[in-house]
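Me: Hello! I am new to this structure and would like to get to know it step by step. Could we go through it together?

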Amino acid sequence: MHQARVYTSRHSFLEELPEINSMVEEFKPVVIFIDNFRLAFLESDGNSNKDVAQAMNQILSLRDLHNCSIVLVDHTRKNTRSQSTESDLQSGAGSKSDLADGDYFLRRSSKNEAFRILKRSKSRNCADQIGAKLLRFNPDTLWFEVEEECVNEALHLGNGVNVATDEKREIAKDLYEKGQSMEQIATTFGVSKSTISRWLKED
């Protein structure tokens with residue numbers, strides 16, 4: 001059985017890198033979690049693509065040096081609870097997403113406190129994801145279990161099923177302008193493709 005080890009510090013990732021490298025050499029982890037980006041790189045301007053790219057390159061170098069996976073925890077922008085999941089929902093500069101192999105969003109459901117929505121926004125190794133997974137937190141195992149493989153994300157965000165049709169129409173138009181297909185948008189809202197087509201044509 002694999003064991004988890006926790007290393008905490010008040011210093012930056014770069015300052016702690018020699019100690020981190022030493023620990024990785026000793027314990028040879030399969031995956032490293034960095035929680036979270038803002039605290040690990042306090043000396044960087046999180047809104048600067050240049051600063052964020054430099055920080056990401058430090059993380060990628062650690063990954064390549066030790067041949068392990070790294071999960072970097074970050075936050076979404078404020079006041080985005082009811083917005084559909086996209087890469088630009090992340091806080092800070094977009095170079096984080098550009099340099100990462102994948103973007104995964106874990107978001108609270110408005111339907112149940114134990115529910116979480118898991119959505120893959122980007123992956124270099126997988127096809128685009130249609131819909132989202134619904135997870136349930138198990139307090140006995142302290143882990144998440146799959147409740148449903150594919151759910152309508154829109155029903156779990158913000159006011160869920162109470163979102164007005166006018167608001168859904170505006171969200172659908174915004175998603176279409178950002179490059180999502182009508183089929184993807186229809187899956188998100190749980191409606192037919194023809195409904196999305198009608199929404200996009202309406203003023």
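This is a predicted model: local features need pLDDT of at least 70, side-chain atom pairs count only at pLDDT 80 or more; totals for chains, interfaces and linings use all residues.

Me: Is Lys28 buried or exposed?

Reply: Buried means under 20% relative accessible area, exposed over 50%, and partly exposed in between, with a 1.4 Å probe and protein chains only. The phi of Lys28 is near 50°, a positive value in a residue other than glycine. Because its relative accessibility is 61%, Lys28 counts as exposed.

Me: What is the phi of Leu142?

Reply: Leu142 sits in the loop between S5 and strand S6 (143-151). With a relative accessible area of 60%, Leu142 is exposed. Although Leu142 is not a glycine, its phi is positive, at about 55°.

Me: In what order do the elements of the protein run?

Reply: The protein has 7 helices and 6 strands. Starting at the N terminus, the order is α-β-α-α-β-α-β-β-β-β-α-α-α.

Me: What percentage of the residues count as buried?

Reply: The C-alpha trace spans about 60 × 40 × 30 Å along its principal axes. The protein has 203 residues, and the share that counts as buried is 37%.

Me: Which residue does a cis peptide bond join to Asp35?

Reply: The place to look is the loop between strand S1 (31-35) and helix H2 (37-40), where Asn36 lies. Omega is about 5° for this cis bond, and the partner of Asp35 is Asn36.

Me: How many salt bridges are there?

Reply: A salt bridge is a side-chain nitrogen of Lys or Arg within 4 Å of a carboxyl oxygen of Asp or Glu. One of them pairs Lys178 with Asp174, with the closest N and O atoms 3.3 Å apart. By this rule the count is 10.

Me: With which residue does Lys96 form a salt bridge?

Reply: Lys96 is buried, because its relative accessible area is 6%. The closest N and O atoms of the pair are 3.1 Å apart, and the partner is Asp74.

Me: How many residues apart are Lys96 and Asp74?

Reply: The salt bridge between Lys96 and Asp74 links distant parts of the chain. Lys96 is in helix H4 (residues 95-99), and Asp74 is in the loop between strand S2 (69-73) and H4. Their separation is 22 residues.

Me: How far apart are the closest N and O atoms of Asp64 and Arg63?

Reply: Asp64 is exposed, since its relative accessible area is 51%. Arg63 is partly exposed, with 24%. The two form a salt bridge, and the distance between the closest N and O atoms is 2.9 Å.

Me: Where is Arg124, and with which residues is it in contact, leaving aside its neighbours within four places in sequence?

Reply: Arg124 is in the loop between strand S4 (115-123) and strand S5 (132-138). At 47% relative accessibility, Arg124 counts as partly exposed. Contact means heavy atoms within 4.5 Å. Leaving aside neighbours within four places in sequence, the contacts of Arg124 are Asp98, Leu99, Ala100 and Asp101.

Me: Is Arg169 buried or exposed, and which residues is it in contact with, leaving aside its neighbours within four places in sequence?

Reply: Arg169 lies in helix H5 (residues 165-177). Its relative accessibility is 13%, so Arg169 counts as buried. Apart from neighbours within four places in sequence, Arg169 is in contact with Trp199 and Glu202.

Key: Residues are numbered from 1 along each chain as its sequence is written. Side-chain values use heavy atoms; hydrogens and water are left out. Helices (H or I, at least four residues) and strands (E, at least two) are DSSP runs, numbered from the N terminus.
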